[in-house]
Amino acid sequence: MTSFAESVSSQLFKLVHGNNLVYNVCWEDPRLDKEALELSSTDTMLVITSAGCNALSYALSGVKQIYAVDMNYRQNALLDLKIAGIKSLDYETFFKLFGEGRLVGAQQIYRDRMRSLLPESSQQYWDRYIKKFFDSPNQTFFYCGASGCFAKIVMRYMTARGLRDLVDALIDAPNLDVQRAVWEQLRAKMWSRSLKFFVNRDLSMAMVGVPRAQRRQIENSFGGLTPFVQHCMDEVCHDLPVQDNYFWRAYAKGSYTKECCPEYLTRSGFETLKSGAVDAISTHTSTVESFLVERPELQISRFVLLDHMDWLSDKLFHALEAEWQAIVQHASRGARLIWRSAGLDATTYLHRVQVNCGGQKRSLGDLLDYRRETAERLHKLCRVHTYGSFYIADLLNE
């Protein structure tokens, strides 16, 4: 790719991420995360906020503290809104807002009950967007934001191709045999030239949070974006039951159900959070490195780093090294980290990271004790399946 094209791609990604709520739902499976992390009441966590769903799920494990950190203040504003809703709303109203993605009178309910519980930056954001996102007659919240817009375009394409009934039948399949039969029909009809063209655009990838550096990871591992997406969808739609796959339901149907939703949206999860578990969470608009550097005494026992290190793996490698230096300095003894990569082997760039530890320069690969068998087993069970690999590692920083 020419330097000019690289520059255009980079500016396009910055334009999308610098001006939008990108993730309206988390796209990582917290059921796997919680097994991998082995959370306890003594754990202090640093997690990348994304849409906040998973931070709320971790809070249900009764951990001591969760620092939700994100560079995009809009992502923290979404988690702030969910926290305010948990504290101020009854379950049925809360579920309409975040489970169905539409609440008649959302603006007034927000102003009367929720707004005063938000930090000022989040107030400013939701003063502008609460009605547009949650009280629109044309769409639910799940089709808002950059990733939601991507999903809306895909579902309109499915409708235009006469495939919407097959999508609904797939999501509502009562068992794996029916699901597989429907998927074979849908798969044979959906991959037109126009869909492949749309998937391969830099703008499309920016909408779902895939910068050029991460795109290269995909292309190197899978031979291209279309083969990667086809592989992911085959794994989800053919091999794993969809009955509790709330990730794909949200974008296919525009809402959750009470039987198929994130744990924080179940009645029991909501009540546990409302009774005090949600107070463990605080939001911070910052990079991971800056958040840690500004808190020299902070010790973290669990890190949830999502896939953002792919973003730093190329032209921002210096930032990746600075981040890991901060992690090493702030990790408590026996700290555990989990992360994901679009590629099949993130260690190809991670093990080039050099950090100061114990008074000497060390390769990151020498400091990580991987739980490879557990990670591979859990990765196969992932209901999302939009990543090439999953990692669990303990930090050897004694």
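Biologist: Is Ser50 buried or exposed?

Modeller: This is a predicted model, in which local features need pLDDT of at least 70 and side-chain atom pairs count only at pLDDT 80 or more, while totals for chains, interfaces and linings use all residues. Residues are numbered from 1 along each chain as its sequence is written, and side-chain values use heavy atoms, with hydrogens and water left out. The relative accessible area of Ser50 is 5%, and buried means under 20%, exposed over 50% and partly exposed in between (1.4 Å probe, protein chains only). Ser50 is therefore buried.

Biologist: What is phi of Ser50 near?

Modeller: Ser50 sits in the loop between β1 and α3, where helices (H or I, at least four residues) and strands (E, at least two) are DSSP runs numbered from the N terminus. Most residues other than glycine have a negative phi. Ser50 is not a glycine, yet its phi is positive, near 55 degrees.

Biologist: Does Glu38 count as buried or exposed?

Modeller: Glu38 also has a positive phi, about 50 degrees, without being a glycine. Glu38 lies in the loop between α2 (30-37) and β1. Its relative accessibility is 52%, so Glu38 counts as exposed.

Biologist: How many cavities of 30 Å³ or more are there?

Modeller: A cavity is a set of points on a 1 Å grid over the protein atoms alone where a 1.4 Å probe fits but cannot get out, and lining residues have an atom within 4 Å of a point. Grid points are joined across faces, edges and corners, and a volume is the space filled by probe spheres set on the points. The largest cavity holds about 60 Å³ of space. At the limit of 30 Å³ or more, the count of cavities is three.

Biologist: Which element gives the most to the lining of the largest cavity?

Modeller: The lining includes Cys26, Glu28, Ser50, Tyr58 and Leu306. Its residues divide into seven nonpolar, three polar and one charged; Ala, Val, Leu, Ile, Met, Phe, Trp, Tyr, Cys and Pro count as nonpolar, Asp, Glu, Lys and Arg as charged, and the others, Gly among them, as polar. Both β1 (44-48) and α3 (53-59) supply at least two residues. With three residues, the element that gives the most is α3.

Biologist: How far is the sulfur of Cys261 from the closest cysteine sulfur?

Modeller: Cys261 counts as buried, at 11% relative accessibility. The closest cysteine sulfur belongs to Cys260, and it is too far for a bond because the distance is 7.3 Å.

Biologist: Which element gives the most to the lining of the second largest pocket?

Modeller: Of its 21 lining residues, the closest to the centre are Asn19, Asn20, Leu21, Tyr129 and Phe133. By class, the lining has twelve nonpolar, six polar and three charged residues. Helices α4 (73-88), α7 (120-134), α8 (145-160) and α12 (202-207) each supply at least two, and with seven residues the one that gives the most is α7.

Biologist: How many residues has the largest nonpolar core?

Modeller: A nonpolar core is a set of buried Ala, Val, Leu, Ile, Met, Phe, Trp, Tyr and Cys residues joined through side-chain atoms within 4.5 Å. Phe134 is among those with the most contacts inside the largest core. Beyond four places in sequence, Phe134 is in contact (heavy atoms within 4.5 Å) with residues including Leu81, Phe98, Trp126 and Phe141. The number of residues in the largest core is 143.

Biologist: In which strand is Ser332 found?

Modeller: Ser332 is buried, at 16% relative accessibility. Leaving aside neighbours within four places in sequence, Ser332 is in contact with Gln299, Ile300, Ser301 and Asn397. Its strand spans residues 331-341 and is β5.

Key:
On a 1 Å grid over the protein atoms alone, a cavity is a set of points where a 1.4 Å probe fits but cannot get out, and a pocket is an open set with protein on both sides within 12 Å along at least five of seven lines; lining residues have an atom within 4 Å of a point. A disulfide is a pair of cysteine sulfur atoms within 2.5 Å.
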